[in-house]
Amino acid sequence: MPHVFTVSPDFTPAHLSGWFIFNTWLQKTLDEAFHLQLFDDFHSQREAIQADRIDLIYANPYDAAMLVRQKGFKPLVKPEGKADEAVVAVNAQSPYLDVEDLPGSIKLATTEDPDVHMMGMIMLEPADLDASTIEMEICDSYVLVAKKLLNGNCDAGIFLAEAFDNLSSVIQKQLRALVRSQIQVIHHALMIGPRLADRRDRLLDALLAMPENAKGESVLAALNISRWELVDEEEMEFTIDLMDTFVN
Amino acid sequence: MQDMKPEDIVGAYREHTLVHFDGTRRKVLVTDIESPFPDGRLIVSRTDATGIITHVNQSFVEMSGYSRDELIGAPHYILRHPDMPPAAFADLWETVQRGEKWQGYVKNLRKDGGYYWVKATVIPNIRNARITGYTSVRRKPSRRKIAECMRLYPTLF
């Protein structure tokens, strides 16, 4: 039976080819079979985690508490300089220039990406907006969030900042970013499950050495990551504490 | 902890003496100048189990007006503003020492005598079933909530 590796479902198909390349690197590095299992949504991925079907995960920080505290996962690494940040944007034609200009109840386009959604909701609080005053329109991608704003179907939208910046210039020109987070400490992390605990040190060494060899370097390039940084257990606990402060 | 110094203060100020829960007294100098909470930012700090600051992020440094070196090792009440009712902090400590999360609106005092309002969340850091410290995250509050607190807090002294 191969070990099961999965990545947070908040990656676009364009990013996924890099994870297949990473999975091949992983198998060669540990000389063991790994299956890259993809999930359509966070709900089905969490079910698999709960059923102990996952051995290695590139996890959304929102799920870190469950992975560490309930399932005994340990952190390995995070991508250098790639914190998750969020943007709250509106249609450029809208009268809103600032979050605090938004009316007392709005229709919001968002995604199921849990950490980005949460950061966006925090940035809406200064306008006295919360789940009770927001009608949510859950979209499958950030392009669809943009479309909801362009079509006038929603008053505001929450984007992963990287996704917002990667929208085509034609679309971006029709949108206005009201606020962009600068939190800097919320990030995805590669985490290893208890069945692979005895491979942790070997895998960690190999991950951190990736920029030092041509093969590792090309895999990192496919993932658009410059290098991995170590995440120790206390840093992961800090992330979990931080996420706890956001969840009401 | 040292009293605030007139040379650090920007603008006309009033003088107050705060008495903290540990019995220490501090003379604070207070102005009416508000620093708005920056959009999209969070102020993050951690303390040990006794409330001594062990970690601050850059937003904390910028908003408080203190240097990182002045903050690390100082008690978190270095930010205490005399307009904050002591009952709010008593509630905070009772809550987090029970192992629970506390949330509230706080007026903080800057080194230069000015102030800034935050929505604060404090949680205990529980390691091996023991509270080893506290993490505090402050975010931008709504003006309506601030206005409510400005009406309520003077009644709680």
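Trainee: How far apart do the C-alpha centres of domain 1 of chain A and domain 2 of chain A lie?

Mentor: Bear in mind that this is a predicted model. The domain assignment of chain A gives domain 1 as 3-82 + 185-246 and domain 2 as 86-180. The separation of their C-alpha centres is 28 Å.

Trainee: How do the residues of the side of domain 1 of chain A that touches domain 2 of chain A divide by class?

Mentor: The contact between these domains involves 9 residues of domain 1 of chain A and 8 residues of domain 2 of chain A. On the side of domain 1 of chain A, the division is 5 nonpolar, 2 polar and 2 charged.

Trainee: Which residues have the most contacts inside the largest nonpolar core?

Mentor: In soluble globular proteins, nonpolar side chains tend to be buried together. The largest nonpolar core here comprises 95 residues. Domain 1 and domain 2 of chain A each contribute at least three residues to this core. The residues with the most contacts inside it are A:Val88, A:Ala89, A:Phe159 and A:Met191.

Trainee: With which residues is A:Phe159 in contact, leaving aside its neighbours within four places in sequence?

Mentor: A:Phe159 is among the residues with the most contacts inside the largest nonpolar core. Once neighbours within four places in sequence are set aside, the partners of A:Phe159 are A:Ala86, A:Val87, A:Ala89, A:Tyr142, A:Val145 and A:Phe164.

Trainee: What covers the buried residues of H10(A)?

Mentor: Helix H10 of chain A, residues 233-246, has 14 residues and reaches 20 Å from its first C-alpha to its last, close to the 20 Å expected. In H10(A), the buried residues are A:Met236, A:Glu237, A:Thr239, A:Asp241, A:Leu242, A:Met243 and A:Thr245. Their cover includes elements of both chains: H3, E4 and E10 of chain A, together with E6 and E7 of chain B.

Trainee: Is A:Ala189 buried or exposed?

Mentor: A:Ala189 lies in strand E10 of chain A. Beyond four places in sequence, its contacts include A:Ala59, A:Ala64, A:Pro75, A:Val77 and A:Met236. The C-alpha atom of A:Leu67, 122 residues away along the chain, is separated from that of A:Ala189 by 11 Å. Because 24 other C-beta atoms lie within 10 Å, and the cut-off is 20 or more, A:Ala189 is buried.

Trainee: Which element supplies the largest share of the side of chain B that touches chain A?

Mentor: The contact takes 18 residues from chain B and 18 residues from chain A. On the side of chain B, strands E6 (115-127) and E7 (130-139) each supply at least two residues. By class, that side has 5 nonpolar, 5 polar and 8 charged residues. The largest share, 5 residues, comes from E6(B).

Trainee: Is B:Ala129 buried or exposed?

Mentor: B:Ala129 is found in the loop between E6 and E7 of chain B. Most residues other than glycine have a negative phi. The phi of B:Ala129 is near 65 degrees, a positive value. With 6 other C-beta atoms within 10 Å, B:Ala129 is exposed.

Trainee: Where is A:Asn224 placed?

Mentor: A:Asn224 is another residue other than glycine with a positive phi, near 60 degrees. A:Asn224 has 12 other C-beta atoms within 10 Å and is therefore exposed. Its place is in the loop between helix H9 (214-223) and strand E11 (228-230) of chain A.

Trainee: What is the radius of gyration of chain B?

Mentor: Chain B has 4 helices and 7 strands, running β-β-β-β-α-α-α-β-β-β-α from the N terminus. Its C-alpha trace spans about 50 × 35 × 35 Å along the principal axes. The globule rule gives 15 Å for 157 residues, and chain B comes close to this, so it is as compact as a globular protein of that length. The radius of gyration of chain B is 15 Å.

Methods: Residues numbered from 1 in each chain as written. Chains lettered and ligands numbered in written order. Predicted model: local features only at pLDDT ≥ 70, side-chain atom pairs only at ≥ 80, totals over all residues. Contact = placed C-beta atoms within 7 Å. Nonpolar A, V, L, I, M, F, W, Y, C, P; charged D, E, K, R; others polar. Expected span 1.5 Å × (residues − 1). Core = buried A, V, L, I, M, F, W, Y, C linked by C-beta atoms within 7 Å. Domains from an automatic or database assignment. Rg over C-alpha atoms; globule rule 2.2 N^0.38 Å.
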